[in-house]
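Work through the exercises below with the model open. Each task is followed by a stepwise solution.

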Amino acid sequence: MGRVTERRKVIRIRDGAVSARPDTLVAEEPLEIRLNGKPLAITMRTPGDDFALAAGFLVSEGVLGAADDVRNIVYCAGATVDGSNTYNVVDVQTAPDVAIPDITLERNVYTTSSCGLCGKASLDAVRTTARWPIADNPPVRVDPELLASLPDRLRAAQRVFDRTGGLHAAALFTEEGELLDIREDVGRHNAVDKLVGRALQNGDLPLSRTLLLVSGRASFELAQKAVMAGIPVLAAVSAPSSLAVDLAAETGLTLVGFLRGSSMNVYAGEDRITLRTAAAQG
């Protein structure tokens with residue numbers, strides 16, 4: 001839609017020299033997600049892949065699980081006083097046989113908070129709503145060397161980041177390290193929703209033999225989205241939160257943090273990582 005980036009004037013100071021120039025910034029706009037015509041959530045996102053974002057969000061809510069669950073996804077017209085379309089309101093129409101849970105603020109605060117606000121209630125909610133248990137059989141096995149190579153590959157595939165320096169990214173890899181898909185967004189959670197939504201649309205859920213890599217930290221919200229999509233391995237270039245580690249331990253998710261160079265921390269699910277004998281002795 002041509003709205004991923006915008007140009008703004010900036011005063012540039014370099015070594016005491018001052019100049020005015022245009023700068024490319026990542027766009028950030030609100031997206032309202034409606035479910036069968038009823039307002040459900042608002043997220044701040046980078047425009048683009050909005051239908052996939054909405055679909056992925058509803059996978060994480062436990063509403064959708066297959067492409068056939070969706071009858072249609074449309075932008076809502078008349079979103080402004082003059083009736084013009086802002087392309088900031090999306091309505092997901094589900095198939096007639098899809099059971100719609102009673103989605104309320106009280107029930108869903110665990111999915112929209114990235115700080116683990118609800119504690120144990122959050123873990124219980126994911127446990128009871130997860131459509132697919134993490135059941136990679138035979139188990140996915142990943143070499144640390146392969147994991148160490150993924151951040152550079154993620155960075156090399158970030159097209160918009162090169163122009164703005166202001167986007168997060170999420171990428172799906174096979175257990176052999178093949179890049180399946182990558183999405184960028186101002187929010188990490190949106191980037192993951194776009195990945196999962198695309199997988200839903202393509203009929204690829206559950207993502208039971210994939211690795212999910214995210215830029216930045218691994219919050220509870222990102223771990224929850226991985227679990228809800230059936231992803232067995234989540235890796236992040238920065239730190240996880242304590243609740244993300246708790247969720248990973250309870251659900252069988254392999255959680256890797258501080259993935260930088262040849263170094264990384266494995267917080268849960270270490271059985272999927274082919275650890276060397278020397279590491280066990282150290």
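**Exercise 1. Find which residues of α6 and α7 meet, then classify the contact.**

Step 1. Arg188, His189, Val192 and Asp193 of α6 touch Glu221, Leu222 and Lys225 of α7; contact here means heavy atoms within 4.5 Å. Helices (H or I, at least four residues) and strands (E, at least two) are DSSP runs, numbered from the N terminus.

Step 2. This is a predicted model: local features need pLDDT of at least 70, side-chain atom pairs count only at pLDDT 80 or more, and totals for chains, interfaces and linings use all residues. Residues are numbered from 1 along each chain as its sequence is written, and side-chain values use heavy atoms, with hydrogens and water left out.

Step 3. Sort by class: the contact of α6 with α7 holds two nonpolar, one polar and four charged residues. Nonpolar covers Ala, Val, Leu, Ile, Met, Phe, Trp, Tyr, Cys and Pro; charged covers Asp, Glu, Lys and Arg; the others, Gly among them, are polar.

**Exercise 2. Describe how the axes of α6 and α7 cross.**

Step 1. The axes of α6 and helix α7 (residues 220-228) come within 10 Å and cross at roughly 5°. Axes are lines fitted to C-alpha atoms, for helices over the stretch in contact, and angles run from 0 to 180 degrees between N-to-C directions.

Step 2. Therefore α6 is roughly parallel to α7 (angles under 35 degrees).

**Exercise 3. Trace the salt bridges of Arg183 with Asp49 and Asp181.**

Step 1. The whole structure has nine salt bridges (a side-chain nitrogen of Lys or Arg within 4 Å of a carboxyl oxygen of Asp or Glu).

Step 2. Asp49 pairs with Arg183, with the closest N and O atoms 2.8 Å apart. Asp49 sits in the loop between β4 (38-45) and α1 (50-60) and Arg183 in strand β8 (residues 179-185), so the bridge ties together parts 134 residues apart in sequence.

Step 3. Arg183 also bridges to Asp181, the closest N and O atoms being 3.1 Å apart. Through shared partners, salt bridges join Asp49, Asp181, Arg183 and Arg198 into one network.

Step 4. Check burial (buried is under 20% relative accessible area, exposed over 50%, partly exposed in between; 1.4 Å probe, protein chains only). Arg183 is buried at 18%. Asp181 is buried at 18%. Asp49 is partly exposed at 24%.

**Exercise 4. Locate the partners Glu175 and Arg209.**

Step 1. Their side chains form a salt bridge at 2.6 Å, N to O.

Step 2. Glu175 lies in the loop between β7 (168-174) and β8, and Arg209 in the loop between α6 (188-201) and β9 (210-214), 34 residues apart.

Step 3. Glu175 is buried at 18% relative accessibility; Arg209 is partly exposed at 27%.

Methods. Angles under 35 degrees count as roughly parallel, over 145 as roughly antiparallel, 65 to 115 as roughly perpendicular and the rest as oblique.
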